[in-house]
Amino acid sequence: MNIKKKIICHFDPEVVEQPIISVLSKEYDLYCNILKAKIDLRKVGYLIMEIRGEEKKYQDGMAFLKRSNVQVEDLSNKVEWKKDYCISCGQCEGLCPTSALHYVDDDWNIGFDSSKCIACGMCIKACPAKAMEMRF
């Protein structure tokens, strides 16, 4: 069975220089699509990516990351949309690179599809009503 998941990997300084993604691809036959990254050789870093592959190989790959001292979190529900705060101004909709935030009807109401969200944070910066929030 094939799966597709979005994850956040947190790296400590000693792990940053390791070829983690190459190992996931080569040894575990996983497809890694990097969505966002901030890596510094002397500091902690993070990597947001989508991983596809067979479920067993995915589980083995996640075990490898844990053994490599990489902290992994599931990305699902990391960006929270507070519907009651949203004023449907559209500031976020135009900036969202994946259309996770979109107009849902002819009345110009905004909707949020968390499965499309890559946690880029653009909506959080743009929202005047503070209806978007990042949870870690």
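Let me start with a definition: buried means under 20% relative accessible area, exposed means over 50%, and partly exposed is in between, with a 1.4 Å probe and protein chains only. Now the model. It is predicted, so local features need pLDDT of at least 70, side-chain atom pairs count only at pLDDT 80 or more, and totals for chains, interfaces and linings use all residues. Residues are numbered from 1 along each chain as its sequence is written, and side-chain values use heavy atoms, with hydrogens and water left out.

Today's topic is salt bridges. The criterion is a side-chain nitrogen of Lys or Arg within 4 Å of a carboxyl oxygen of Asp or Glu. How many does the structure hold? Three.

Take lysine 57 and aspartate 29. Their side chains form a salt bridge at 3.5 Å, N to O. This pair links distant parts of the chain, 28 residues apart: lysine 57 sits in helix α3, aspartate 29 in the loop between α2 and β2. Helices here are DSSP runs of H or I, at least four residues; strands are runs of E, at least two; both are numbered from the N terminus. Lysine 57 counts as partly exposed because its relative accessibility is 29%. Aspartate 29 is also partly exposed, at 40%.

Next, aspartate 60 and lysine 56. Closest N and O atoms: 2.9 Å apart. Both residues lie in helix α3, four residues apart, about one turn of the helix. Lysine 56 is exposed, at 57%.

Finally, glutamate 133 and lysine 82. Their closest N and O atoms are 3.0 Å apart. Glutamate 133 is in strand β8, and lysine 82 is in the loop between β5 and β6, 51 residues apart. Lysine 82 is partly exposed, at 21%.
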